[in-house]
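My entries follow in the order I looked things up.

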Amino acid sequence: MTATLRFGCTGCGKCCSGHHVPLTLAEAGRWAHDGGQVVVLIEAFVTDGPGMPVEQREHVLRRSYPVACGNGQARVSVTFAAFNPGRCRNLDDNDRCSIYEQRPLVCRIYPVEINPHLPLRPEAKDCPPEAWQQGPALLHGTQLVDAGLEALVQASRQADREDIAAKVAVCQALGMTTSALKGNGFTAYLPDMGAFAGALAQVPDDDGTQWTLHVEDETLAAGLQGHGLHTTNEPPVYYAFIGF
Ligand code: SF4
Ligand code: SF4
């Protein structure tokens with residue numbers, strides 16, 4: 001028998017605190033325009049090589065972009081996210097979203113997973129136990145029940161694919177060209193929002209900028225150098241390395 005998972009949001013607001021909210025390119029532009037801070041998270045892999053999860057091959061290829069790195073090529077995935085180390089700037093005093101009708105796609109989709117390879121695990125979500133014991137059916141097996149929600153998930157995946165070239169060009173224009181290796185960590189940047197908004201308003205062409213991979217593990221770095229890739233383990237100055 002196929003299991004059905006119910007869900008009814010309690011409006012607790014926990015998912016609106018302490019989470020960086022991934023944004024589409026258009027949403028990042030609005031976030032910047034409205035005075036918000038965006039954090040840029042970058043990871044990279046080699047096609048059919050280091051960092052590429054084989055079982056997610058098509059998914060990660062679609063949402064990444066090829067860049068020059070040393071004498072080789074890496075593929076980078078870039079996330080522009082609303083920087084929410086504490087409460088989201090749009091969460092009001094009653095723990096309600098003050099931009100509810102215009103809230104980002106990801107906020108509309110939570111707690112559903114966007115990555116098709118990640119099963120929804122209620123215990124990994126912020127929602128209280130009672131949220132999973134009320135409301136309509138959310139999932140029947142692995143299938144979303146609500147066609148509207150499924151359309152939002154598809155729209156988010158499509159934006160990921162369509163935005164990646166522009167996101168990489170914006171990173172290159174702003175000098176955010178050091179990535180971590182997928183599975184080993186992320187690099188994180190907090191760009192000047194005036195410069196970020198300017199680059200988004202007029203996305204530059206891909207200028208073939210050289211990228212670097214921040215890898216602290218010597219064996220891993222040697223393997224990447226064997227692929228002709230340029231690595232660094234210098235303490236970062238303009239970014240943070242969030243290692244796993
Ligand atoms: S934009 Fe609204 S729904 Fe999204 S995290 Fe902020 S307060 Fe929550
Ligand atoms: S954490 Fe879950 S239950 Fe609470 S507001 Fe967010 S989606 Fe709703």
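Entry: The model is predicted. The largest cavity holds about 40 Å³ of space. I listed its lining: Arg63, Ser77, Val78, Thr79, Asp160, Ile164 and Lys167. Two elements, β5 (72-82) and α4, each give at least two residues to that lining. I sorted the lining by class and got 3 charged, 2 polar and 2 nonpolar residues.

**Entry: second largest pocket.** I turned to open space next. The second largest pocket contains about 330 Å³. It is lined by 16 residues, and Glu113, Pro116, Leu118, Leu139 and Thr142 are the closest to its centre. I noted β7 (143-144) and α4 (147-173) as elements that each supply at least two lining residues. The largest share is from α4, with 4 residues. By class, I have 8 nonpolar, 5 polar and 3 charged residues in this lining.

**Entry: helix α4.** At its start, I found a side-chain oxygen of Asp146 within 2.7 Å of the backbone nitrogen of Gly148. I counted 27 residues in α4. From first C-alpha to last, the helix reaches 39 Å, close to the 39 Å expected at 1.5 Å a residue. Where is the kink in α4 centred? I put it on Asp163, with an angle of about 50 degrees. Just after the helix, Gly175 has a positive phi of about 75 degrees.

**Entry: ligand 1.** Which residues surround ligand 1? I wrote down Cys16, Val21, Cys88, Asn90, Leu91, Cys97, Ile99, Pro104 and Cys107. I classed this shell as 8 nonpolar and 1 polar, with no charged residues.

**Entry: ligand 2.** Around it are Cys9, Thr10, Gly11, Cys12, Gly13 and Cys15, together with Tyr110, Asp126, Cys127 and Pro128. The shell of ligand 2 comprises 6 nonpolar, 3 polar and 1 charged residues.

**Entry: recap.** Ligand 1 has no charged residues in its shell, whereas ligand 2 has 1. The kink in α4 is centred on Asp163.

How values were computed:
Residues numbered from 1 in each chain as written. Chains lettered and ligands numbered in written order. Predicted model: local features only at pLDDT ≥ 70, side-chain atom pairs only at ≥ 80, totals over all residues. Heavy atoms only, no water. 1 Å grid on protein atoms, 1.4 Å probe; cavity = no way out; pocket = protein on both sides within 12 Å on 5 of 7 lines; lining within 4 Å. Points joined across faces, edges and corners; volume = space filled by probe spheres on them. Nonpolar A, V, L, I, M, F, W, Y, C, P; charged D, E, K, R; others polar. Near = heavy atom within 4 Å. Expected span 1.5 Å × (residues − 1). Bend = angle between axes of the 7 residues up to and from the residue. Polar contact = N/O pair within 3.5 Å; in protein donor to acceptor, adjacent residues only side chain to side chain.
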